[in-house]
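Subject: Structure handover

Hello,

Here is the structure I said I would pass on. My notes on what was found follow below it.

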Amino acid sequence: MIPAEVRWIWTVLLVLVVIALPLVVSALHRLWWAARNIERYMSDMAAAGGGIGGNTVHLAGLEDTISTATKILERAGQINQHAGTIRTTLADRAAGTPESGGDR
């Protein structure tokens with residue numbers, strides 16, 4: 001016959017296994033499901049990051065455009081300044097003022 005202590009230990013262990021096993025299986029299932037969702041989210045994020053990276057390639061061209069536009073605006077300012085000087089000189093000559101070199 002099996003001693004009472006051994007029977008008691010086996011009964012306690014059997015009850016623990018019967019109660020704990022479904023809890024462990026449930027926890028493992030939830031963990032597996034969460035891991036799949038994380039994997040899906042990471043895949044979507046990688047695709048979105050690739051799209052963003054593809055669109056930022058054009059920023060170098062935009063920087064070149066801004067640089068060229070800045071140079072054009074500087075030249076336009078210089079032309080405008082020189083045009084004002086020419087306008088003043090021609091107006092002075094047309095008026096015949098002595099500071100412009102007199103009548104010729």
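A residue is called buried when its relative accessible area is under 20%, exposed when that area is over 50%, and partly exposed in between, using a 1.4 Å probe and protein chains only. Arg7, at 45% relative accessibility, is partly exposed by that scale.

Two remarks on the source. The model is predicted, so local features need pLDDT of at least 70 and side-chain atom pairs count only at pLDDT 80 or more, while totals for chains, interfaces and linings use all residues. Residues are numbered from 1 along each chain as its sequence is written, and side-chain values use heavy atoms, with hydrogens and water left out.

Overall form

The protein has two helices and zero strands; helices (H or I, at least four residues) and strands (E, at least two) are DSSP runs, numbered from the N terminus. Its radius of gyration is 43 Å, well over the 13 Å that the globule rule gives for 104 residues, so the protein is more spread out than a compact globule. That radius is taken over C-alpha atoms, and the rule is 2.2 Å times the number of residues to the power 0.38. Along the principal axes, the C-alpha trace spans about 140 × 20 × 15 Å. Of the 104 residues, 3% count as buried. The protein exposes about 9,300 Å², with carbon and sulfur atoms supplying 68% of it; such areas come from the Shrake-Rupley method with a 1.4 Å probe, and for residues only the protein chains shown count as cover.

Helix H1

H1 covers residues 4-55 and includes Ile9. Ile9 is partly exposed at 44% relative accessibility. Together with Trp8, Val12, Leu13 and Leu16, Ile9 makes a nonpolar surface patch of about 500 Å². Patches take residues with over 30% relative accessible area and no salt bridge, joining like charges within 9 Å and nonpolar side chains (Val, Leu, Ile, Met, Phe, Trp, Tyr) within 5 Å. A salt bridge here is a side-chain nitrogen of Lys or Arg within 4 Å of a carboxyl oxygen of Asp or Glu.

Aromatic pair

Rings of Phe, Tyr and Trp (its six-membered ring) pair if their centres lie within 6.5 Å; planes under 30 degrees apart are stacked, over 60 edge-to-face, and the rest tilted. The count by this rule is one aromatic pair. Trp32 and Trp33 form it, tilted, at 6.2 Å centre to centre with 55° between the planes. Trp32 is partly exposed at 46%, and Trp33 is partly exposed at 42%.

Helix H2

H2 has 37 residues (59-95), and its end C-alpha atoms are 53 Å apart, which agrees with the 54 Å it should span at 1.5 Å a residue. The expected span is 1.5 Å times one less than the number of residues. Ala76 is in H2 and is partly exposed at 38%. Its C-alpha atom is 41 Å from that of Gly49, 27 residues away in sequence. Ala95, also in H2, is exposed at 60%. Ala95 and Ala34 are 61 residues apart in sequence and 88 Å apart, C-alpha to C-alpha. Just after H2, Gly96 takes a positive phi of about 75°.

Regards
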